[in-house]
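Thanks for asking me to look this one over. Here are my notes, as numbered points you can follow alongside the model.

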Amino acid sequence: YMQFKFQDVFVNMTYQTLEATPFAGALGAELSGPDLSQSLANQAFTDVHQALIAQQVIVFRDQRLTPKQQLAFAKRFGDIHQHPYISGLPNCPEVMPIVKDPKDTHTFGAAWHTDQMFTAKPAMATMLYALEVPPAGGDTLFANLYLAYDALSNGMKQMLAEVKTYSVGDRFKTAGGKSRKDDYKGTSAMAGQVRNPGNVQTESEHPLIRTHPETGRKALYIGGHAQRFADMTDAESEPLLNFLKQHATRPDFTCRVRWTPGRLALWD
C-alpha cells in the first residue's frame with residue numbers, strides 16, 4: 001500500500017488488479033499485471049483508467065498486440081479520434097503507423113505538443129505501441145501541465161484566466177509555413193501517409209487554462225500547435241507564448257519514457 005503527497009494532492013496508488021510503480025516525481029507510472037491482448041474485466045479496466053487519471057502517463061511493458069487488439073483496448077476509453085492528416089493501416093484505418101527508417105531525416109512528433117490541439121474536439125488521450133526501436137535514443141518526454149499551472153503566480157493566473165489560444169494543424173510558423181507533406185519529405189514512410197484533411201477543422205481556438213473534466217484540476221493547455229493568442233497579433237503574443245511553452249516543459253514537470261519492443265504508453 002502506498003500513498004504520496006505532491007503539491008497538496010493525494011494520489012492513491014493502490015489497485016485491485018495491477019501494480020503501479022511511479023518512475024518520476026512529476027508524473028508517470030509503469031503498470032504490471034494486465035495483458036492488453038485480452039479483453040480486460042471491468043475492474044481491471046477501472047484500475048487502468050484510474051491510474052491514467054492519477055499519473056497522466058501510464059506504461060505497460062512486454063505486450064504482444066495486433067493492431068486490432070490495440071484498437072479494442074483503445075475503444076474501452078471511447079470513440080477513436082481519426083487523425084486528419086495521417087492515414088491509418090489499410091486493414092485497420094483507426095491505427096496510425098509511425099515509421100522512421102535509418103536514412104530518414106525527419107522525426108515525427110519531435111517538438112513539444114498536445115495531440116490534436118488544432119481540432120475543435122481534441123482527443124482525450126493518445127496510445128503508442130512500440131514494435132521496433134533503436135538500441136538507444138528515441139525516448140519520449142511528457143510534461144505535467146497541472147504542475148505547470150500550479151507554479152504560475154496568482155497574478156499570472158488571473159491575467160490568463162480568460163485567454164484563448166489559436167492553434168493550427170499545418171503550416172506552422174516554426175516550419176517556415178511549409179505544409180506537412182513538404183515537411184515530411186525527409187521521412188519517406190510518413191510522407192506517403194500524408195493525406196488531405198478534407199472537411200475536418202484543423203484550426204481552432206481553445207482556453208489557455210482548462211479544467212480537467214474528471215479531476216476538476218486546472219491545467220495549462222499549450223503546445224507547439226498554439227501559434228498566437230486569439231484576437232492578438234503574432235508580435236503581441238510571441239513573448240508570453242514563448243515563456244509559457246518554456247515554463248510548461250521545465251525538467252521538474254517532466255518524465256521520460258524509454259521505448260522497448262512491446263512497450264505501450266497511454267497518456268492524457
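1. Let me start with a helix. Helix α1 (residues 42-55) lies across β4 (29-32), β5 (57-60) and β14, and runs at about 135 degrees to β5. Contact here means heavy atoms within 4.5 Å. Axes are lines fitted to C-alpha atoms, for helices over the stretch in contact, with angles from 0 to 180 degrees between N-to-C directions. Helices (H or I, at least four residues) and strands (E, at least two) are DSSP runs, numbered from the N terminus.

2. A word on the source. This is a predicted model, in which local features need pLDDT of at least 70 and side-chain atom pairs count only at pLDDT 80 or more, while totals for chains, interfaces and linings use all residues. Residues are numbered from 1 along each chain as its sequence is written, and side-chain values use heavy atoms, with hydrogens and water left out.

3. Which sheet do those strands belong to? An open sheet of 5 strands, in the order β3-β4-β5-β14-β6, has mixed pairing; two strands pair if DSSP finds at least two bridges between them. At its edges are β3 (19-22) and β6 (126-129), each of which pairs on one side only. Neighbouring strands of this sheet are turned by 20 degrees against each other on average, direction ignored. Helix α2 (residues 67-75) lies across β5, β6 and β14, running at about 155 degrees to β6.

4. Now walk through the pairings. β3 and β4 run antiparallel and are joined by 4 bridges, with T21 standing opposite E30 in β4. Their hairpin has 6 residues between the strands, and G28 takes a positive phi near 100 degrees there. β4 and β5 pair in the parallel sense over 3 bridges; the bridge partner of L31 in β5 is F60. At the other end of the order, 4 bridges join β6 to β14 (residues 264-267), and these two run antiparallel.

5. β4 also shows two faces. A29 and L31 are on its covered face, while E30 and S32 are on the uncovered one. In a regular strand the side chains alternate between the two faces of the sheet.

6. A265 is worth a click. Is A265 buried or exposed? At 0% relative accessibility, A265 counts as buried (buried means under 20% relative accessible area, exposed over 50%, partly exposed in between, with a 1.4 Å probe and protein chains only). A265 sits in strand β14 and is the bridge partner of L128. Not counting residues up to four places away in sequence, A265 touches I58, V59, T126, M127, L128 and W259. A265 and Y129 are 136 residues apart in sequence, yet 6.5 Å apart in space, C-alpha to C-alpha.

7. Next, the aromatic rings. The structure holds 4 aromatic pairs; rings of Phe, Tyr and Trp (its six-membered ring) pair if their centres lie within 6.5 Å, and planes under 30 degrees apart count as stacked, over 60 as edge-to-face and the rest as tilted. The rings of F45 and F77 have centres 4.8 Å apart and planes at 65 degrees, so this pair is edge-to-face. The pair links distant parts of the chain, 32 residues apart: F45 is in helix α1 and F77 is in the loop between α2 and β6. F73 and F77 also make an edge-to-face pair, because their ring centres are 5.5 Å apart and their planes stand at 80 degrees. Ring pairs link F45, F60, F73 and F77 into a cluster. F45 counts as buried at 12% relative accessibility, and F73 is buried at 4%.

8. There is a second sheet. This open sheet of 3 strands has the order β9-β8-β12, with antiparallel pairing. β9 (203-207) and β12 (226-229) stand at the edges with a single partner strand each, so one side of each is left without a neighbour in the sheet. The twist averages 30 degrees from one strand to the next. Strand β8 (residues 164-168) and β12 pair over 3 bridges, and the bridge partner of S167 in β12 is A226.

9. Two charges sit over rings, meaning that NZ of Lys or CZ of Arg is within 6 Å of the ring centre and within 35 degrees of the ring normal. K157 lies over the face of Y149, at 4.9 Å from the ring centre. R228 lies over the face of Y166, at 4.3 Å from the ring centre.

10. Finally, the cysteines. How many disulfides does a search of the whole structure find? The search finds 0 disulfides, a disulfide being a pair of cysteine sulfur atoms within 2.5 Å. C92 is buried, with a relative accessible area of 2%, and C255 is buried, with a relative accessible area of 3%.
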